[in-house]
Amino acid sequence: MANTYLTRTVASTGDRTKATLSVWVKKSSNVEQFLFYNHESNTTNFRVRFDPDTIGVQTISGSSTVMHLNTSAKFRDPSAWYHIVIAIDSTQATDTNRVKIYVNGVQQTSLSASTYPPQNQNMAFNESSHVQYVGSQVSANYFNGIMSHYYWIDGTAYTPSTFGSTD
């Protein structure tokens, strides 16, 4: 079981309404495991994870769930590479355009959970002095597999075509 991860403390506050995560992953097991976790406090955080075989994105603020999307599709194949893109733009007028999950270039529109953030919601990421974790939830739920081409982009919600193309 993996138990390594990376951290970054945000030096200055970035855009709290728009961001993109793009990463290639190959899972080794089907357990709950984190790709990204932004820890603001014990009760406020932003997370992207396998739960255990779906992909979930969530923002918690205090005792409230601000945003929670979970794919209905299952991602269980330990021999498969998955390109995951999470595009967030809470300034969008249409709620379903505020958070998008893409896997291998296909937007995941069949969701088992779909609580979208309010318009112009400041999300629990990119806040000065808060810690961002790559591959764990503080010191738990480590990512077990391989990650490649990991990008966290502050201030823009990109589509998968920004990171590559197929023909």
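**Entry 1: Gln33**

Strands here are DSSP runs of E with at least two residues, helices are runs of H or I with at least four residues, and both are numbered from the N terminus. The model is predicted, so I note the terms: local features need pLDDT of at least 70, side-chain atom pairs count only at pLDDT 80 or more, and totals for chains, interfaces and linings use all residues. Residues are numbered from 1 along each chain as its sequence is written, and side-chain values use heavy atoms, with hydrogens and water left out.

Is Gln33 buried or exposed? Gln33 is buried, because its relative accessible area is 0%. The cut-offs are these: buried is under 20% relative accessible area, exposed is over 50%, and partly exposed lies in between, with a 1.4 Å probe and protein chains only.

Next I listed what Gln33 touches, leaving out residues up to four places away in sequence. The list reads Lys27, Arg49, Phe50, Asn141, Tyr142, Phe143 and Asn144. Contact means heavy atoms within 4.5 Å.

I then checked the side chain of Gln33. It reaches the backbone nitrogen of Asn144 at 2.6 Å.

**Entry 2: the sheet that holds β3**

I followed β3 to its neighbours. Seven strands form an open sheet in the order β1-β11-β3-β4-β5-β6-β10, with antiparallel pairing. β1 (6-9) and β10 (111-115) stand at the edges with a single partner strand each, so one side of each is left without a neighbour in the sheet. Neighbouring strands of this sheet are turned by 15° against each other on average, direction ignored. For such angles, axes are lines fitted to C-alpha atoms, for helices over the stretch in contact, and angles run from 0 to 180 degrees between N-to-C directions.

Two strands count as paired if DSSP finds at least two bridges between them. I counted along β11. Strand β3 (residues 33-39) is joined to strand β11 (residues 131-134) by four bridges, and the two run antiparallel. β1 and β11 also pair in the antiparallel sense, over four bridges.

Which residue of β11 is the bridge partner of Phe36? I found Val134. Val134 is also the bridge partner of Leu6.

**Entry 3: the other sheet**

I turned to β2. Five strands form an open sheet in the order β9-β8-β7-β2-β12, and the pairing is antiparallel. β9 (106-107) and β12 stand at the edges, each with a single partner strand, so one side of each has no neighbour in the sheet.

Why is strand β2 (residues 18-27) largely enclosed by the rest of the structure? Seven of its ten residues are buried, so that is the reason.

I checked both sides of β2. Eight bridges join β2 to β7, antiparallel. Here Ser22 stands opposite Val85 in β7. Eight bridges also join β2 to strand β12 (residues 145-154), again antiparallel. There Ala19 stands opposite Asp154.

I noted Ala87 opposite Lys100 in β8.

**Entry 4: Asp89**

I stayed with β7 and picked Asp89. Strand β7 covers residues 82-89, and Asp89 belongs to it. Asp89 is buried, because its relative accessible area is 10%.

Its side chain makes a polar contact with the side chain of Thr91 at 2.4 Å. The side chain of Asp89 makes another with that of Gln92 at 3.1 Å. A polar contact is a pair of N or O atoms within 3.5 Å; within protein, one must be able to donate a hydrogen and the other to accept it, and residues adjacent in sequence count only if both atoms are side-chain atoms.

Leaving aside neighbours within four places in sequence, Asp89 is in contact with Thr17, Lys18, Asn97, Arg98 and Ala157. I also looked at Asn122. Asp89 and Asn122 are 33 residues apart in sequence and 9.9 Å apart in space, C-alpha to C-alpha.

**Entry 5: the whole protein**

I ended with the overall picture. The protein has twelve strands and zero helices. Of its 167 residues, 47% count as buried. Along its principal axes the C-alpha trace spans about 40 × 35 × 30 Å.

Residues 24 or more positions apart account for 68% of them.
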